[in-house]
Amino acid sequence: MRAIHHAVLNEISCSSTISQTILDIGCGDGAFTQAVSAAFPHSDITAVDTSVPKSFSSDNITFVKGSVEQLPFVSESFDLVITVLSLHHWKEKNKGISEIYRVLKKDGRIIIGDPLLEDWMSNRILGLLMQKLDGGIFTDKKE
Ligand SMILES: C[S@@+](CC[C@H](N)C(=O)[O-])C[C@H]1O[C@@H](n2cnc3c(N)ncnc32)[C@H](O)[C@@H]1O
């Protein structure tokens with residue numbers, strides 16, 4: 001795992017409540033999803049990616065093929081949405097952020113780990129999130 005994966009795992013652990021339902025967007029080969037699964041064995045984890053991973057198995061992970069721009073889930077499904085090293089790939093970032101907001105439960109959390117985002121892109125995404133998340137507070141890039 002890379003430093004960003006450890007940072008995201010740490011952020012997940014920082015929450016005072018355990019997330020029952022977690023969505024990992026852009027899961028790739030699922031290696032990080034499996035690390036989340038091992039750390040949070042009682043959570044129900046869904047992993048989505050535009051491409052199907054080669055090997056992917058765990059009792060509490062469901063893999064779904066799909067794209068962030070059109071997430072195949074009903075609204076307000078997840079307590080926590082994570083996405084690592086994926087956002088800079090998304091073709092329609094506005095749509096992706098809107099979709100995350102749609103599938104997130106009220107009082108849910110989003111953790112975006114993407115050090116490959118350029119600063120202007122991070123600022124734009126934070127702006128979009130602030131519009132969506134009424135009352136959301138972002139103090140720095142990491143947050
Ligand atoms: C560098 S990999 C990151 C994999 C994993 N999250 C990790 O941290 O190891 C980026 C992944 O994002 C996925 N991806 C790119 N655009 C996407 C989109 N629009 N919707 C969903 N997944 C997407 C790619 O297919 C790829 O598997």
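Rings of Phe, Tyr and Trp (its six-membered ring) count as a pair if their centres lie within 6.5 Å, with planes under 30 degrees apart called stacked, over 60 edge-to-face and the rest tilted. The structure holds one such aromatic pair. This is a predicted model, in which local features need pLDDT of at least 70 and side-chain atom pairs count only at pLDDT 80 or more, while totals for chains, interfaces and linings use all residues. Residues are numbered from 1 along each chain as its sequence is written, and side-chain values use heavy atoms, with hydrogens and water left out.

**Aromatic pair**
- The ring centres of Phe73 and Phe78 are 5.2 Å apart and the planes stand at 85°, so the pair is edge-to-face.
- Phe73 has a relative accessible area of 14% and is buried (under 20% relative accessible area; exposed is over 50%, partly exposed in between; 1.4 Å probe, protein chains only).
- Phe78 is also buried, at 5% relative accessibility.

**Nonpolar cores**
- A nonpolar core is a set of buried Ala, Val, Leu, Ile, Met, Phe, Trp, Tyr and Cys residues joined through side-chain atoms within 4.5 Å.
- The largest one has 19 residues, and Leu23, Ile25, Leu71, Phe73, Val81, Val103 and Ile125 have the most contacts inside it.
- Two or more residues of this core come from each of β1 (21-25), β4 (78-84), α3 (93-103) and α4 (119-132) (DSSP runs numbered from the N terminus: helices are H or I with at least four residues, strands E with at least two).
- The most is given by α4, with four residues.
- Leaving aside residues up to four places away in sequence, Leu23 touches Thr46, Val48, Leu71, Phe73, Phe78, Leu80, Val81, Ile82 and Val103 (contact: heavy atoms within 4.5 Å).
- A second, separate core has 18 residues, including Ile4, Ile12, Ala47 and Leu85.

**Helix α2**
- Phe32, Thr33, Ala35, Val36 and Ser37 are buried in α2 (residues 31-39).
- The buried residues of α2 pack against α1 (3-14), β1, β2 (44-49), β3 (61-65) and β4.

**Ligand surroundings**
- There are 16 residues around the ligand, of which His5, Gly26, Asp49, Glu69 and Ser86 come nearest (a residue is near if one of its heavy atoms lies within 4 Å).
- A backbone N or O atom of Gly26 is 2.8 Å from a nitrogen atom of the ligand.
- Polar side-chain atoms lie 2.6 Å from a ligand oxygen atom for Asp49 and 2.9 Å from a ligand oxygen atom for Ser86.
- The ligand taken alone exposes 610 Å², and the protein buries 78% of that (Shrake-Rupley method, 1.4 Å probe).

Note on methods:
Polar contact = N/O pair within 3.5 Å; in protein donor to acceptor, adjacent residues only side chain to side chain.
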